Amino acid sequence: MTAERFLTLADVAEILNISASQTYALVRSGDLQGIQIGGRNQWRVERSKLEEYIEAAYKRTAANLSEMPATMPSET
């Protein structure tokens with residue numbers, strides 16, 4: 001894979017280690033910003049938008065973890 005500005009959904013799926021259909025769902029929902037090229041469902045994600053999505057995912061995860069108890073309920 002090269003350092004292209006735009007990535008295909010297959011490229012994004014490979015980077016995130018998820019399926020192509022999961023990647024398509026992220027783009028269609030607007031969670032991951034992408035652009036549609038032409039009329040044949042050809043989507044592209046700008047590399048910088050993917051990096052923004054990953055950074056936001058880290059922040060969401062950290063926020064969720066801070067709300068969770070430090071131990072599992074069965075450990076108390």
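Author: Happy to. Let's start with N17, which counts as exposed because its relative accessibility is 71%, and exposed means over 50%. One thing to keep in mind is that this is a predicted model.

Reader: Why is N41 called partly exposed?

Author: Its relative accessibility is 41%. Buried needs under 20% and exposed needs over 50%, so N41 at 41% lands in between and counts as partly exposed.

Reader: And what happens just after α2?

Author: There G30 takes a positive phi of about 90°.

Reader: Back to the loop between α1 and α2, then. How do you know whether I18 is buried, exposed or partly exposed?

Author: I18 is found in that loop, between α1 (9-16) and α2 (20-29). Its relative accessibility is 26%. The cut-off for buried is under 20% and for exposed over 50%, so I18 counts as partly exposed. Leaving out residues up to four places away in sequence, I18 touches A13, T23 and L26.

Reader: What makes V27 buried?

Author: Again it's the cut-off: V27 has 7% relative accessibility, and under 20% is buried. V27 is also in α2. Setting aside neighbours within four places in sequence, V27 is in contact with L9, L32, G34, W43 and V45. Take V45 as one of these: the C-alpha atoms of V27 and V45 are separated by 8.4 Å, with the two residues 18 apart along the chain.

Reader: How do you know that the buried residues of α2 share a side?

Author: The buried residues in question are T23, L26 and V27. They cover an arc of only 95° around the axis, which puts them on the same side of α2. As a rule, an α-helix has 3.6 residues a turn, so residues three or four places apart point the same way. The face turned away from the buried side of α2 carries the exposed residues S21 and R28. What covers the buried residues of α2 includes α1, β3 and α3.

Reader: Which residues of α1 are buried, and why are they said to be on the same side?

Author: In α1, L9, V12 and A13 are buried. They span an arc of only 100° around the axis, which puts them on the same side of α1. On the face turned away from that buried side you'll find the exposed residues A10 and E14. The buried residues of α1 pack against β1 (6-8), α2, β3 and α3.

Reader: How do α1 and α3 pack?

Author: Their axes are 12 Å apart, at an angle of about 35°, and α1 passes α3 in a right-handed crossing. V12, I15 and L16 in α1 meet R47, L50, Y53 and I54 in α3. By class, this contact has 6 nonpolar, no polar and 1 charged residues.

Reader: What makes up the largest nonpolar core?

Author: It has 10 residues: L7, L9, V12, L26, V27, L32, W43, V45, L50 and Y53. The elements giving two or more residues to this core are α1, α2, β3 (42-46) and α3 (47-67). As for V12, leaving aside its neighbours within four places in sequence, it is in contact with L7, T23, L32, V45 and L50. More generally, nonpolar side chains tend to be buried together in soluble globular proteins.

Definitions and conventions. Residues are numbered from 1 along each chain as its sequence is written. This is a predicted model: local features need pLDDT of at least 70, side-chain atom pairs count only at pLDDT 80 or more; totals for chains, interfaces and linings use all residues. Side-chain values use heavy atoms; hydrogens and water are left out. Helices (H or I, at least four residues) and strands (E, at least two) are DSSP runs, numbered from the N terminus. Buried means under 20% relative accessible area, exposed over 50%, partly exposed in between (1.4 Å probe, protein chains only). Contact means heavy atoms within 4.5 Å. A nonpolar core is a set of buried Ala, Val, Leu, Ile, Met, Phe, Trp, Tyr and Cys residues joined through side-chain atoms within 4.5 Å. The arc is that of the directions from the helix axis to the C-beta atoms. Axes are lines fitted to C-alpha atoms, for helices over the stretch in contact, and angles run from 0 to 180 degrees between N-to-C directions. A crossing is left-handed if the near helix is turned anticlockwise from the far one by less than a right angle, and right-handed if clockwise. Ala, Val, Leu, Ile, Met, Phe, Trp, Tyr, Cys and Pro count as nonpolar, Asp, Glu, Lys and Arg as charged, and the others, Gly among them, as polar.
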